[in-house]
Amino acid sequence: MKLELTPKQGLTLAMQTSMHLLQLNNLQLRNYLGELMTSNAVVELEFPDIEYRPSPFDRQGARPRTNNDERDAPSKEQLMEDRETDASALGDLFLQSAALKLPGYQQRILNYLIHSLDENGFLSESPQATSQILGVPFQDVQRCIGLLQGMEPAGIGAADLRDCLRIQLLRATPQQDKLALQIVEHHLEAMAKQQYGAIAKALGVSKAQVLHSCERIRSLNPKPLNGLGGEVMTQYILPDFYVIEEDGQLRCIMNDYFLPKIKIDSSYADLLRSKTLSESDNDYIQKNYRQANDVVKFLSYRKATLQRVVEYILVVQADFFLYGPGHRVVMGNREIAQALSLHESTVSRAVSGKFFECKWGVFPLKSLFMHSAGADPESGNFDQILRRIRELIESEPPGSAYSDQHLAELLHNDDIQIARRTVAKYRGILGIPPANQRNAKQKR
């Protein structure tokens, strides 16, 4: 048997963490940092004053109101359908209300309160206002609010989020969780910013107790009306960066404002210097410090790498950002990796799961990557097809806009074999209205 030594390189835990952070988008990164703080004794997080900073396109009015907005407004039939949907979502509450067998005037008050709930299930109208509007005694309104708050799901009919959480805690806990109630009543904002140390100090309890109660609070339903109709909550995309145009130049704005800043608690360092800890406690704290410092370093690397990749993409795909869908050029991981002296896997992780917003809308970053073989599953190059559709529509005779079927036939003449419904889909991507609306616009 012949023994042979071969070099083999493995990934250290730190390298694995660095690669993992690189491929997280901002929402995932925020969750990661929250989990890090709960598991690492020396990590504190400092959150921004507001949870959300508006898109620069909201502030700059990137989509001004046009005459098309009037045509896009919901019709009377659509509004009626929305009301029917709302009614079906509230149906369970009305069934619970009927089961109470209240006197007629109290039933009228309770039904009014159910109709007054907002989309979260909160009752923002004050009892005094309800009493005046309905012309009924204030005490009767208060009693009906109490009946509403006793219905399912727990928290329905609360005045606000704080009241909603308090109601759920009082109902669900046989022996009141006094610490959780105190946090909800006086420290809800601090809990949202994960300032557990400050809460513990203010209430004179341990950080571990605060963490336990905060986990209990987070298990509650902050929006009790959501899900009554059995519908799935919409998942919204938060762009990882914005691309804006200033004086003909493209600029990238990283959307990391809402990410918390890591603060490393120095008090544990004093304990280490005091040499009063056991060997296991000393090792534990040192391990936490190493992890915290590594994460701070890796976050800096993540931001710098993503910024470099995005700025390169702005140059290569400038026509897309300036002129819209249909103007992409061929670009892949290898090209970026070679240009920036990065490994292809690094580029792949940097763009994975990321989204951007520009004046044309919100897109996955990977949508800008295109191979020379063509990206359209049906026929031809996707961007070339979009460009050709735009050219045909721009050349159509005044007052005689091409229908989607006519456009499909014209594309067939160019050896682009796609169906009418596909033309309609691609026309929508370009933001171009159908033929009847284009004709009506020209007549005005």
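Predicted model: local features only at pLDDT ≥ 70, side-chain atom pairs only at ≥ 80, totals over all residues.
Local features are reported at pLDDT of at least 70 and side-chain atom pairs only at pLDDT 80 or more, whereas totals for chains, interfaces and linings use all residues. Residues are numbered from 1 along each chain as its sequence is written, and side-chain values use heavy atoms, with hydrogens and water left out.

**Helix H7**

Helices are DSSP runs (H or I, at least four residues), and they are numbered from the N terminus. Helix H7 covers residues 127-134, and its buried residues are Thr 130, Ser 131 and Leu 134. Buried here means under 20% relative accessible area, exposed means over 50%, and partly exposed lies in between (1.4 Å probe, protein chains only). Viewed down the axis of H7, the buried residues fall within an arc of 100°, so they line one face of the helix; the arc is that of the directions from the helix axis to the C-beta atoms. Gln 132 and Ile 133, on the other side of H7, are exposed. The cover over the buried residues of H7 includes helix H6 (104-115) and helix H8 (138-149), where contact means heavy atoms within 4.5 Å. Gly 135 follows H7 and has a positive phi, near 65°.

**Salt bridges**

A salt bridge is counted when a side-chain nitrogen of Lys or Arg lies within 4 Å of a carboxyl oxygen of Asp or Glu. The whole structure contains 15 salt bridges by this search.

| Arg 171 | Glu 152 | 2.8 Å |

Arg 171 is partly exposed at 32% relative accessibility, and Glu 152 is partly exposed at 45%.

Arg 388 and Glu 391 both lie in helix H19 (residues 382-394); because they are three residues apart, about one helical turn separates them. Arg 388 is partly exposed, with 26% relative accessibility, as is Glu 391, with 39%. Together with Asp 414, these two residues are linked in a network of salt bridges.

Asp 404 is buried, with a relative accessible area of 13%, and Arg 427 is buried at 8%.

**Cysteines**

A disulfide is counted when a pair of cysteine sulfur atoms lies within 2.5 Å. The count of disulfides by this rule is zero. Cys 164 is buried, with a relative accessible area of 0%, and Cys 214 is buried at 0% relative accessibility.

**Gln 194**

Gln 194 is located in the loop between helix H11 (188-192) and helix H12 (196-203). This residue is buried, with a relative accessible area of 13%. With neighbours within four places in sequence left aside, the contacts of Gln 194 are Gly 34, Met 37, Glu 44, Leu 45, Phe 47 and Arg 218.

Methods
Helix = DSSP H or I, 4+ residues; strand = E, 2+ residues; numbered from the N terminus.
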